Amino acid sequence: MKVQYQAKPQYILSTFILFFIIHSIQVGIGIQGFQRIIFSEAKNDSWISVVLAGVFTHIVVFFIIKTLQLYGPTDIYGIHIEVYGKWIGKAVNCIYIFYCLGMFVVILNNYIEVIQTWVFPTVPTWLFSISILLLVVYGVTGGIRVIAGAGFFSIILSVWILSFIGYPLRFVDFHHLLPVMESNITSILKGSYKMTITLIGFEILYIVYPFMEDRKKVIKYAHLGVAATNILYLILMLLTLSYFSPGQLENTNWPTLSLFKIVKLPFIERTEYVAVSYWLLIILPNLLLYMWAAVRGIKRSFERKTKGVIWFFTIFLFFVSIFINTRSKINQFNDFFDNIAFYIAFCYPFILYILALIKKKMTSLKEN
Amino acid sequence: MRTKGWIWSCSFSFLLLCGCAQPKVLEEVGLVTTYGYDISKNGSILGTMVELTIDPASPKDVVILESEALSVRGIRNNANNKTSKRLASGQLRVIIYGEEILKQGRTGIAETLTSDPSISDMTYLAMADGTARDLLKLKTEHIPDIGNHLYKLIDQNTKGRVMPSATLQEVLHNLFSIGKEPILPILKKDGKGEVGFTGVALFKESKLVGKINSDQSFYLNLIIDKYKGGNKDVEIKSSKLKPRNQQLNKTVASLDAVNGSSKIKLINREKVEFDLDVKVDGRLLEVTSMIDLGNQENIKLVEKEITKSIKREIEKLIAYCQSKESDAMGFGEIYRSSVRHSNLTDKRWYKMFKEAKVNVNVDFSVKRTGLNE
Amino acid sequence: MFFKKLFSTKGNLIPKDQNLIPETREKMSTEFKQRLQNSADISENEIGASGITLFSIGTLIDKTMLHRDIIDPLKGLSFDSTQKIMEHLSIGEIEKSNQMEKAVQAALDGNVIIFLDGNSSVLLAKIPSRVGRSVSYAQNESQVIGPQMAFTESLLTNMTLIRSYIKDTSLCIENLQVGSRTNKLVSIVYINGIVSEQMVGSLRKRIQEIKMDGILDSSVLEQLLAENSLTIFPQMALTERPDRVSDWLLKGKVAIFVDGSSLAIVCPQSFMEFFQSMEDSNVNWQIATFWRLLRFTALFLSVFFTALYVASLTFHYEVIPQTLLFTLSESRAKVPFPPIIEALLLEFIMELLREAGARLPTKVGQTMGIVGGIVIGTAAVEAGFTSNILIIIISLGALGSFVTPSYTMGNVIRIVRFPLIILAGFWGFYGMMFGFCFLLLHLLRQTSLGSPYLSPFYPPRFADWKDSIIRLPLSITNKRPDLTRAEDEYKFDPIKAKKHN
């Protein structure tokens with residue numbers, strides 16, 4: 001296989017769609033309950049953790065783009081082959097594919113858990129799993145344009161949710177945020193580390209990069225997308241900290257959804273029921289993009305036909321998802337992938353950049 | 001290839017339809033609109049429920065159910081045995097606690113309830129003077145549905161700033177925060193078969209420790225909340241103003257459109273000293289005294305007197321709270337947020353609060369008098 | 001596959017040497033009759049002793065023209081070649097041919113075959129009889145402001161109408177024939193220089209590739225041309241309004257006319273454009289924006305409202321506001337069915353009424369309103385069959401589907417409701433969301449003549465948003481939509497136009 005990948009013209013996306021892709025894949029399941037996990041570490045300074053994690057994300061994204069720019073139109077699968085050689089490269093690609101599938105399961109199962117807790121306690125997991133997977137298959141077979149479109153609409157059609165911020169604002173007490181910097185640096189950094197699963201998703205850049213129309217503008221829109229996510233998280237964190245009292249927050253599993261509990265519209269008494277169901281649209285692009293990334297990996301490394309691969313993955317993921325069906329199993333799985341995601345999404349880009357740089361230098365030395 | 005996919009998806013859809021969710025059809029669930037919790041003689045929880053039964057054929061709209069259980073959830077399950085419809089609390093509006101159960105500190109019931117996603121955070125909480133059971137069993141001609149009546153009563157008075165707002169969210173918020181205690185409005189059934197707001201219950205942690213009357217609750221509201229658009233009669237004790245009603249020997253100034261805001265500031269960390277600035281303004285509608293309100297001087301005088309009496313009332317209120325070790329105003333919250341690494345715990349704060357000094361500064365101004373000069 | 005075989009055998013039926021015009025009258029006569037299966041309406045006129053015979057299909061030609069323009073001038077004269085006859089006659093369309101196949105085809109097209117004994121070529125004079133109606137009011141897409149004319153079944157009239165709207169030298173009309181048996185004339189109309197050549201090319205190719213024996217109407221052709229035959233959504237617009245077609249042509253779209261059909265096909269078409277009416281551009285932009293928003297709200301209301309009712313009554317009684325709770329439960333108390341059955345039943349009745357109204361003659365059709373409104377509506381509620389709130393919701397939904405300017409899209413909206421109601425009845429809000437996500441992905445996957453169906457929303461072309469769900473003043477909307485990939489992107493130069501607009 002070739003390192004570089006020139007996408008067919010009908011699959012090329014305008015670059016500013018990248019903003020929506022990045023933002024929609026980052027915002028998903030994590031946003032429902034990240035506040036509690038961070039609060040358990042950083043207490044009332046959790047918002048500092050969010051800011052720090054956000055800044056770190058920008059740095060990582062910067063290095064991801066730097067790495068990609070070394071090669072022109074390529075994706076991570078191509079880079080791996082180039083850096084590690086054919087066989088090790090393929091093995092590393094497999095790890096990456098598994099990572100994407102793992103994230104898929106994390107998102108899927110957490111969403112099913114939420115919907116079972118809030119709305120349908122009696123509906124079995126397999127049913128949600130099958131229905132969502134079918135949607136994903138339908139979307140992924142449509143190609144990157146359809147997937148990016150799903151991301152675009154999931155953001156555009158969810159903007160109305162932001163208008164509900166006004167309701168909890170009536171009950172906030174900003175004294176909860178004071179005194180600033182009461183927690184020590186370690187716990188704040190630990191809080192930032194806990195942001196991992198909420199922030200990841202930006203590594204999709206590695207895969208969508210060759211599909212961008214104008215690769216020079218990628219850096220701008222990628223950072224805009226990440227910035228939008230960070231601002232959203234920061235607002236939510238501040239709101240949550242000042243709305244819930246510390247003891248309350250420790251007992252709330254999904255603070256973001258609990259914020260909806262006081263929203264009362266003249267025609268809908270309980271918005272959280274609508275919100276939980278509506279979240280399907282918000283997680284849909286995450287699932288589509290991760291599935292697509294995994295399928296791309298197989299296609300690029302092993303040159304298989306996508307359709308069969310999609311169905312194979314779907315069946316595989318279905319069985320994994322029905323196996324992980326209780327709260328404790330989901331938590332174990334989450335923690336496991338939290339660690340993996342931290343290394344793959346946040347640390348690995350630096351290593352890859354250095355390796356790619358060395359490789360590039362070596363080849364140019366050889367040629368001379 | 002396409003048709004194949006079509007067949008696949010069709011067969012899948014059929015499969016999916018097999019897994020239909022368990023329905024809760026509106027007319028098949030018994031909607032509990034009000035819960036009442038008391039403590040029974042043997043120490044278990046005695047629950048009283050108001051169930052909405054909408055049946056065009058029956059003259060009554062509500063059914064009152066009672067059951068006893070050791071757990072909160074058990075009450076509903078036990079009551080379920082007595083109803084024709086499955087009880088569900090998704091339309092719960094009001095939770096009433098009996099006085100006894102609160103004295104024992106079993107406010108935790110509210111906490112248990114929030115783990116049920118079907119209960120709204122906007123549910124109102126209140127305390128019954130006496131038992132909740134008696135309050136809910138009230139039946140008079142003009143109150144066909146006690147649940148709805150209580151909800152409207154609390155809703156109206158909370159929005160009108162007569163009652164302190166005590167939704168599930170706010171009570172839990174204060175219950176779980178260090179340095180601020182929850183409050184509950186007290187509802188009382190009087191002999192004539194009417195329910196009314198009579199005061200506010202004060203808590204220490206989750207135990208009922210004191211009560212203030214509805215008059216003082218105005219001042220409590222003034223400190224806790226941004227006060228907007230209420231009305232209040234302020235009693236003035238002054239030698240300069242002669243009361244119209246010689247018999248009572250009291251002068252009352254009636255205020256309308258009262259706006260107030262308060263600010264608490266920690267001024268001394270070691271001695272725990274606070275400054276409480278209260279700013280109030282309003283329309284002066286009536287003064288029960290022989291005084292010409294057209295005169296600017298007199299207005300000044302009234303302003304001064306009202307300021308004095310508000311200050312006096314607030315100081316009295318704070319002193320009472322301190323004696324009960326119930327920090328309903330949230331001084332502890334201010335202390336915690338102003339002192340770095342205070343490591344404040346509830347227990348420590350109760351002691352500190354008792355000794356704390358609060359300097360009350362009231363700034364009252366009359367915006368305008370009524371239509372007449 | 002099956003069709004292909006059929007055609008290839010048919011082509012071999014007539015040997016090549018027989019394709020020439022026979023020289024003697026008798027042979028010609030038998031040949032002609034044989035080819036037309038000895039049809040009863042074949043007419044054969046011998047003109048005096050000149051040796052001229054006229055062959056034609058009597059039902060297809062104009063009898064007065066035949067006598068006035070052909071028989072009378074030729075009477076009593078004799079000619080030695082067809083060329084002479086051609087010079088003698090004063091008929092607009094006349095041509096020479098020596099192919100039998102072509103002559104027969106021409107006869108089917110309303111030509112008279114002028115046969116001169118002993119000659120190997122014939123003359124084909126076109127004098128078709130005109131069966132059809134004159135231009136009348138647009139009834140299916142009526143509007144208050146704007147022209148009232150509609151297309152007729154005659155292709156010629158339709159072309160005249162288009163030409164009268166666009167007096168431009170670059171207006172192109174391409175003719176093609178479709179249908180191996182019906183041999184319909186199909187015209188592709190576009191404005192050269194605006195339209196994307198690639199689109200015309202692919203459309204032309206698609207029309208040529210159609211292997212169908214009979215295409216009677218443009219709506220059939222539209223189904224054959226659409227990219228995805230599995231989708232319920234229309235991918236091309238059908239319209240009867242010449243002003244609409246002209247407007248779209250100016251935006252860079254391609255129109256297709258079929259002879260004998262009063263509807264023009266216009267493509268590429270986006271989802272949003274089905275909710276735009278020609279009247280929108282005839283009124284002030286503020287009013288047009290209001291109308292469009294109204295229609296869009298109606299779309300959502302129509303698709304989701306009944307499902308919302310079913311979902312909240314079946315699963316989510318919590319979301320019902322206190323004020324509605326009493327009315328809702330009181331009206332539901334007597335209904336013996338679960339909400340999903342109740343809703344499906346009523347929707348079904350609604351559709352029955354609509355279908356009955358559409359199929360019945362107009363005069364009887366009016367009674368349908370009475371039957372529906374009074375008998376079924378009132379009686380159903382009184383009998384405790386349905387709740388009166390559902391009746392309001394269903395009628396609102398129906399109303400919402402009727403405001404859609406496009407009839408084809410209106411049908412789709414009504415149908416899409418049913419799966420959503422079922423999903424809502426099984427899974428509540430989650431089911432509705434599932435349906436919504438599926439619809440979204442489905443719409444994202446559709447294309448119309450290679451253009452994305454959800455344009456201009458996705459792919460986002462913010463310049464085109466000015467004329468989509470809203471409409472801004474004409475002076476700002478100077479760009480042609482990206483949907484058509486027009487070669488000339490601008491309608492006018494915004495800087496020059498500023499002075500006047």
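User: How many salt bridges are there between chain C and chain A, and what makes a pair count as one?

Analyst: Zero salt bridges are counted between chain C and chain A. The term requires a side-chain nitrogen of Lys or Arg within 4 Å of a carboxyl oxygen of Asp or Glu. This is a predicted model, in which local features need pLDDT of at least 70 and side-chain atom pairs count only at pLDDT 80 or more, while totals for chains, interfaces and linings use all residues. Side-chain values use heavy atoms, without hydrogens or water; residues are numbered from 1 along each chain as its sequence is written, and chains are lettered from A and ligands numbered from 1 in the order written.

User: What then lies between chain C and chain A in the way of polar contacts?

Analyst: Nine residue pairs, both members at pLDDT 80 or more, are in polar contact (N or O atoms within 3.5 Å, one able to donate a hydrogen and the other to accept it; residues adjacent in sequence count only if both atoms are side-chain atoms). Helix 15 of chain C, residues 407–445, gives the most to the side touching chain A, with 14 residues. That side divides into 22 nonpolar, four polar and three charged residues.

User: How many residues make the contact, and what area is buried between chain C and chain A?

Analyst: Contact (heavy atoms within 4.5 Å) takes 29 residues from chain C and 38 from chain A. The buried area (accessible area, 1.4 Å probe, lost on putting the parts together, summed over both) is about 3000 Å², and carbon and sulfur atoms give 78% of that. C:Y430, C:R445 and C:Y458 supply 25% of the area that chain C buries against chain A, more than any other three residues.

User: Why is C:R292 with C:D280 called a salt bridge?

Analyst: Their closest N and O atoms are 2.8 Å apart, so the pair meets the distance limit given above. Between domain 2 (155–280) and domain 3 (284–445) of chain C, bounds that come from an automatic or database assignment, the count is two salt bridges.

User: What area is buried between domain 2 of chain C and domain 3 of chain C?

Analyst: About 1500 Å² is buried there, 75% of it from carbon and sulfur atoms. In domain 2 of chain C, C:F233, C:F275 and C:D280 lose the most area to domain 3, together 43% of what that side buries.

User: How do you know whether the radius of gyration of chain A agrees with a compact globule?

Analyst: The globule rule is 2.2 Å times the number of residues to the power 0.38, with the radius taken over C-alpha atoms. For 368 residues a compact globule would have a radius near 21 Å, and chain A has 21 Å, so the two agree.

Conventions. Buried area is the accessible area (1.4 Å probe) that two parts lose on being put together, summed over both. Helices (H or I, at least four residues) and strands (E, at least two) are DSSP runs, numbered from the N terminus. Ala, Val, Leu, Ile, Met, Phe, Trp, Tyr, Cys and Pro count as nonpolar, Asp, Glu, Lys and Arg as charged, and the others, Gly among them, as polar.
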